[in-house]
Amino acid sequence: VCRGNQFLCVMNGGKLVQDSTHPYMHKMITSDGREIITNSMHHQQALLTNVDPNNYILLGWAERISRHHLNGDNVDYRFPTDYKEPEVIFWPKTKSIGFQMHPEAMNPVCDLVKYCQEMVSKYI
């Protein structure tokens with residue numbers, strides 16, 4: 001969850017966006033076409049632009065909700081308008097799944113918590 005997702009990203013060859021601006025509650029799109037309300041309590045996120053797309057499965061993302069995406073030198077990455085901000089990532093080689101949001105802060109019967117449980121059951 002959150003920093004665990006960021007750690008998994010780096011350990012699997014990715015990088016981090018050092019500063020981004022997420023609204024606390026926002027929409028996440030899933031790879032199977034669902035739209036689920038999720039949360040953000042962070043200003044860092046996984047960065048997949050330098051990772052071979054065959055080495056991960058992007059299961060959930062937000063679409064351009066941050067005003068900026070700064071690297072460690074405070075330079076904006078200037079992502080294209082269709083950039084998908086990673087929310088849920090499965091790493092097949094390390095058999096790990098990362099969640100950027102905080103499902104533990106949500107109602108235990110909400111769609112987000114059910115989705116997270118479903119993904120863990122499916123991929124782990």
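I'm counting two residues as in contact when heavy atoms come within 4.5 Å. The model I'm looking at is a predicted one.

**Helix H2**

I started with H2, which runs over residues 111-123 and has 13 residues. From first C-alpha to last I get 18 Å, close to the 18 Å expected at 1.5 Å a residue. Next I looked up which residues of H2 are buried: Leu112, Val113, Tyr115, Cys116 and Met119. They sit on the same side of H2, because they cover an arc of only 160 degrees around the axis. Asp111, Ser121 and Lys122 are exposed on the other side of H2.

What do the buried residues of H2 pack against? I find strands E3 (25-30), E4, E6 (57-63), E8 (84-91) and E9 (96-99).

**Ile89**

Then I went to strand E8, where Ile89 lies. Its relative accessibility is 0%, so I log Ile89 as buried. Leaving out residues up to four places away in sequence, Ile89 touches Asn5, Ala46, Leu48, Tyr56, Ile57, Leu58, Ser96, Ile97 and Gly98. I also checked Ile89 against Glu35: they are 54 residues apart in sequence and 16 Å apart in space, C-alpha to C-alpha.

**Surface patch**

Last stop was the surface. Tyr24, Met25, Ile37 and Met41 make a nonpolar patch of about 390 Å². I looked up where Met41 is, and it lies in the loop between E4 (35-39) and E5 (45-47). Met41 has 44% relative accessibility, so it goes down as partly exposed; exposed would need over 50%.

Terms used
Residues are numbered from 1 along each chain as its sequence is written. This is a predicted model: local features need pLDDT of at least 70, side-chain atom pairs count only at pLDDT 80 or more; totals for chains, interfaces and linings use all residues. Side-chain values use heavy atoms; hydrogens and water are left out. Patches are made of residues with over 30% relative accessible area and no salt bridge: like charges are joined within 9 Å, nonpolar side chains (Val, Leu, Ile, Met, Phe, Trp, Tyr) within 5 Å. Accessible areas come from the Shrake-Rupley method with a 1.4 Å probe; for residues, only the protein chains shown count as cover. A salt bridge is a side-chain nitrogen of Lys or Arg within 4 Å of a carboxyl oxygen of Asp or Glu. Helices (H or I, at least four residues) and strands (E, at least two) are DSSP runs, numbered from the N terminus. Buried means under 20% relative accessible area, exposed over 50%, partly exposed in between (1.4 Å probe, protein chains only). The expected span of a helix is 1.5 Å times one less than its number of residues. The arc is that of the directions from the helix axis to the C-beta atoms.
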